[in-house]
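Please look through the structure shown here, and then follow the questions and answers below it.

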Protein chains: 4
Amino acid sequence: MTTNESNAGDAGRPLRLHCLCLLIEAPQRLRVAERDAGVPGPGEVLVQVGYGGICGSDLHYFHAGGFGTVRIKRPMILGHEVAGVVKAVAPDVTRVEPGDRVAVNPSRPCGACKYCFEGLPNQCLDMRFYGSAMRDPHVEGAFRNLLVCDAVQCEPVAAGVPLQHAALAEPFSVALHGVQRAGALLGKRVLVSGCGPIGTLAVAAARIHGAAEVTAVDLTDETLAVARAMGAQVTINVASDARWVGRYSADKGHFDVMFECSGNERALRAGLETMRPRGTVVQLGLGGDVSVPQNLIVAKELSLVGSFRFHAEFALAVRLINEGRIDMRPMITAAFPLSRAREAFELASDRKRAMKVLLDFEAAAAQPS
Amino acid sequence: MTTNESNAGDAGRPLRLHCLCLLIEAPQRLRVAERDAGVPGPGEVLVQVGYGGICGSDLHYFHAGGFGTVRIKRPMILGHEVAGVVKAVAPDVTRVEPGDRVAVNPSRPCGACKYCFEGLPNQCLDMRFYGSAMRDPHVEGAFRNLLVCDAVQCEPVAAGVPLQHAALAEPFSVALHGVQRAGALLGKRVLVSGCGPIGTLAVAAARIHGAAEVTAVDLTDETLAVARAMGAQVTINVASDARWVGRYSADKGHFDVMFECSGNERALRAGLETMRPRGTVVQLGLGGDVSVPQNLIVAKELSLVGSFRFHAEFALAVRLINEGRIDMRPMITAAFPLSRAREAFELASDRKRAMKVLLDFEAAAAQPS
Amino acid sequence: MTTNESNAGDAGRPLRLHCLCLLIEAPQRLRVAERDAGVPGPGEVLVQVGYGGICGSDLHYFHAGGFGTVRIKRPMILGHEVAGVVKAVAPDVTRVEPGDRVAVNPSRPCGACKYCFEGLPNQCLDMRFYGSAMRDPHVEGAFRNLLVCDAVQCEPVAAGVPLQHAALAEPFSVALHGVQRAGALLGKRVLVSGCGPIGTLAVAAARIHGAAEVTAVDLTDETLAVARAMGAQVTINVASDARWVGRYSADKGHFDVMFECSGNERALRAGLETMRPRGTVVQLGLGGDVSVPQNLIVAKELSLVGSFRFHAEFALAVRLINEGRIDMRPMITAAFPLSRAREAFELASDRKRAMKVLLDFEAAAAQPS
Amino acid sequence: MTTNESNAGDAGRPLRLHCLCLLIEAPQRLRVAERDAGVPGPGEVLVQVGYGGICGSDLHYFHAGGFGTVRIKRPMILGHEVAGVVKAVAPDVTRVEPGDRVAVNPSRPCGACKYCFEGLPNQCLDMRFYGSAMRDPHVEGAFRNLLVCDAVQCEPVAAGVPLQHAALAEPFSVALHGVQRAGALLGKRVLVSGCGPIGTLAVAAARIHGAAEVTAVDLTDETLAVARAMGAQVTINVASDARWVGRYSADKGHFDVMFECSGNERALRAGLETMRPRGTVVQLGLGGDVSVPQNLIVAKELSLVGSFRFHAEFALAVRLINEGRIDMRPMITAAFPLSRAREAFELASDRKRAMKVLLDFEAAAAQPS
């Protein structure tokens, strides 16, 4: 099926498709709405979305209408972790073809600003990232059963890989970017602090990148169990084990690298105590203002390094999933049809019960107008 | 004069020398005391100290008895920025000979711990650093007219270089180490925040290391004037120019590298706003707990890197001074005889009036017992 | 003068300008020819070229018709080291204006290939570099009295800086890029091998980037004298001092970084002997196949790193020239009017007599048709 | 069994043990000889060697009496890849105890030279490496059934890990060091050239360090089969597939990192053609003088990086073997009793038939004198 074929009605007029999408209208106000799906223009494709993972930022919009200075000013389609099936492609597209199963990269740098040309597209000055209220008008998200996107956003998913797993390519990319920011990990002792989806995927990413040992800390036994399943050799519930820092701070510290995925001040501070001199803390979690012990950072010459989103890592994430080098099964808690989105968001908000909750868009069939 | 000669009294007994030293006994309590100067053992030399610079940590001991958890528990000789003339050497010493003018490295790593073998002696687990109450018994300092030290601590000072300048080799080493921690600076835009002696020397070090432009910020016009004399192309008094941050934060920021030498939270936070994505902030200033905007560090992927003391940079500092690649004259405010130490410390505490204040030990002549 | 004005004849037809240019037609066959100068299109400017430096590649075309597999297949305008005065700008140009004195960057990456987006425009897959026969049709060079180029190629030259000096921005960029490839040089011991224009400028660049000491080696006393004038502390004529390698190879070697600018096999091999373990050799000189001692590279874990052209360094080069941080006077041997180009090329080919020889285009006045 | 016990004869005299060892006396002249085993001094242990792997350098001594300028001047015990069981320990040893199964690190840096203090003990100026004729007197090797060594040379082998596998810790360390020299590999495309034991283990090491894809090339199908078993996704027999270079050299090349393990000039040159701009070639193979295309290294800005032996990687190698992160089974061709050493060496010399051939020392029982 090509675009021309699929969109040509009897009278030669392009066939318009409607889609169902999930809007956030205000804190706690989700709504499933019908929208025009659009038509693929040059370089574009139409994807029938299969699954979409609910991310921490989706939850922030849901609970609080945003985070920090980022707030929804008008209704916005949520979602940026999706995978689906290509239904149509513009005539000039060769990268994918109808029928291909793909993960969709939600990151669309402008390709024209100075950072794009410096090889830092994740720092693009004109980024359009799905489901983000950072700019106004907001950038609509991908929680919709039909999505028109650029072909270059699509990474083919291997036969046999469930679309549910492919939908996790995006958070896995975030974790892989964090690992890239840390530099070589071969033989290193790694601490992961905060075992939500990003932290748990950082455990796996660190192992794939050669970490000698990965220790994961969190406040919740359930998330630590997932971290263990994803490759952590040691897990510590710091709520019940108050003395863990002391065990790792002899001789100025134990860990070479820390991935701080909680955004929590106490977690960061505890981790700093356990870092070896010249160690690197990659900060992935977002937590507003945090108080850090400047003298400790100076005296041990630690590096605190920010990691933001991803770029080349998206293709790598899909590749690693395709090749079976990461097993996403322990990550997935449940999938809900779009009609039960509220239930899905509430479950996703409960760290004791949920790791990654998905929305299932396949039930919501596309309807020609 | 060799050790044997100098220490041989009429009866062949070693000649004991007394020295005068500056003790901190309690906050605000400085005292000049007489002590046995000691005799150079194997590998050691006797230095007649000429000048000693008063450092921020000396001032912390003077005003508050210490800083953070580091507190004087008993009287301690202050000082770690000294230069003088070799008066005697042990028979096995070849590195220097009597008459040599030298800067004395106050850093004495153990040479046996794991960090010493990893090439990180500044992280030594058993460091003995002059004039420091970090360990107990405290390590006595070098504010004394006669000092027995290891020959390897001595870096020869070139003819024509004033000892006053050589005494600044230590704080210059700290600045050079900070510059090393930043990596290559060629063509980079550098911000120095806090123009005390370390910040001001960081200005010079960044220029020597190829920075394209160095902008210095401080709250005091007088220190900014010295920063300009040391190579800053732009200086900003952030007390009177409240809008400077806005001028440097367009397109996500202007500076590639920041040397934070104030330890001040607001200075750090303002600087972070002006940093380009992937920029590096080298933290040299010590300021206790500071609140940092975690989301900014993450979103711009900044690196906050601690820098502590120095190692190989001491020899480099002396070399650069010897070769005239840095002009220390603008740095030096005044020199006071040991007997006027209190006056010297008070002047050194006044940022409006003082950059680097020295003690002059030459007046305090050594007296054989 | 704007483009519109300058190009509007009486009848409203654009005014065509002729220019004089220097062609290489075959080995040893230089010819001054008249060509249509062209008219600045959008984003473009017209530069009246003042001076152009003769580069090693120009000499290769002159003597041998090229180098390696790169050979002229048809007449080509030579030259890529030029500076001049802006005479006209397209209406959309704001970067420069008529009357500005500028150095012209001869490097024009495509801005669309993968390397351009990775921040490696000097590796562009579709590079158009002035005066190069690497592609066919060849890219015409800048040895012409009138040159239409992109405004972004123009870097303004400060008042008081001679255009002759600005014309050296290009080879200085090559040297600066080499220094960037070496990483931080602060406190490093640097060896520069081969003191032609690139090597001599590498001496200066290494000093600007903080090298502790720069030793230059060459076979010719005259070039070594220039290297000394440009900042080399030690110079060695390896033709007359056969034992220099032995003096620098004790304890596995002396130098941290080497800039190999000769392309000569013996020079490279001698230098490798004098490198410390983990040292870095930046290869700038082009020399075809060379035999290297693999076992030495392995055993001392040396890094041999290629450096090719430049990108951001061009603006940096002009900045450093503008700020007086490099003095180009020792570099310049002579300037010849275009009519004496052959004489200029012959002098430039004599290492004993020439460092950088320039062509003077100012005498060759532009003539309206 | 403690040293005191084991060495106390009836009359309290230390019990002398004899051991059997494998001497190289001249090219092609191997001899099993009896020697005094020695007694563990302070910090030392006695190891009953189980297996010893035959290395390329052992083969060079066997076939040619050495390599390059390194030649045996007198009989020397060969071997440096051994694992065994601790039989006795000096009273001060706590690291291991009798009965422990250990891999023995053959690298003994002096711990006192400048490189040891810079964290580069593999560059030690006074290295004593088992079974090496680099210095004279030669350093005796570890092909002996009883070996007195330092306790710190011993890395405990986990229960269930065959000693034959542990004996491969040493070549695996060499491969891991090469991988460390390459920097982060996450997502990188890796080429391994030369699939002897080092190359084949480099395949595994690169995969463990996160390489996205590993392509192995060699002249022999049999070694390529082992490379595939160790993790290479693509293998190419370059003897039969002459056009492989062309397939990987479009758009300036395909591979980010190459591990050159053959020491062969043609292999290196072919690999250079397939490297992407800014790619890194880690040179592990030793091959004497090789001719390299300087212009290609310059134009693509490649890095050619030497890698020599290992240090911290030995403990890492044992850890990875212990944890089952590498499966050594495909590496091991056969084990021969010491009495059939010549047969073992001949098999080990046949690349078509052998990957790693071991000597079995367990049969050669120690005999008290």
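**Interfaces and domains**

Q: Which residue of chain A meets Arg269(B) in a salt bridge?
A: A salt bridge here is a side-chain nitrogen of Lys or Arg within 4 Å of a carboxyl oxygen of Asp or Glu. The side chain of Arg269(B) has such a partner in chain A, with 3.1 Å from N to O, and that partner is Asp289(A).

Q: What kind of model is this, and how are its residues and chains labelled?
A: Residues are numbered from 1 along each chain as its sequence is written, while chains are lettered from A and ligands numbered from 1 in the order in which they are written. Side-chain values use heavy atoms, with hydrogens and water left out, local features need pLDDT of at least 70, side-chain atom pairs count only at pLDDT 80 or more, and totals for chains, interfaces and linings use all residues, the model being predicted.

Q: How many salt bridges does the rule find across the interface of chain B and chain A?
A: The pair Arg269(B) and Asp289(A) forms a salt bridge. Across the interface of chain B and chain A, the number that the rule finds is six.

Q: What area is buried between chain B and chain A?
A: Contact, meaning heavy atoms within 4.5 Å, joins 45 residues of chain B to 45 residues of chain A. Buried area is the accessible area (1.4 Å probe) that two parts lose on being put together, summed over both. Carbon and sulfur atoms give 47% of the area between these two chains, and the total is about 3800 Å².

Q: Which three residues of chain B lose the most area to chain A?
A: Together these three account for 17% of what the chain B side buries. They are Gln294(B), Val298(B) and Glu301(B).

Q: In which sense do strand S19 of chain A and S19(B) pair?
A: Strands are DSSP runs (E, at least two residues), numbered from the N terminus, and two strands pair if DSSP finds at least two bridges between them. Strand S19 of chain A covers residues 303-306 and pairs with S19(B) over three bridges. Within this pairing Ser303(A) stands opposite Val305(B), and the sense is antiparallel.

Q: What distance separates the centres of domain 1 and domain 2 of chain A?
A: The domain bounds come from an automatic or database domain assignment, which gives domain 1 as 5-168 + 328-360 and domain 2 as 172-306. Taken over C-alpha atoms, the centres of these two domains of chain A are separated by 30 Å.

Q: Which three residues supply 51% of the area that domain 1 of chain A buries against domain 2 of chain A?
A: The two domains of chain A bury about 1100 Å² between them, with 67% of it on carbon and sulfur atoms. On the domain 1 side, three residues supply more than any other three, and they are Met331(A), Arg351(A) and Met355(A).

Q: Which residue meets Arg351(A) in a salt bridge?
A: Between domain 1 and domain 2 of chain A the count is two salt bridges. In one of these pairs of side chains, Arg351(A) lies 2.8 Å, N to O, from its partner, which is Asp218(A).

Note on methods: Helix = DSSP H or I, 4+ residues; strand = E, 2+ residues; numbered from the N terminus.
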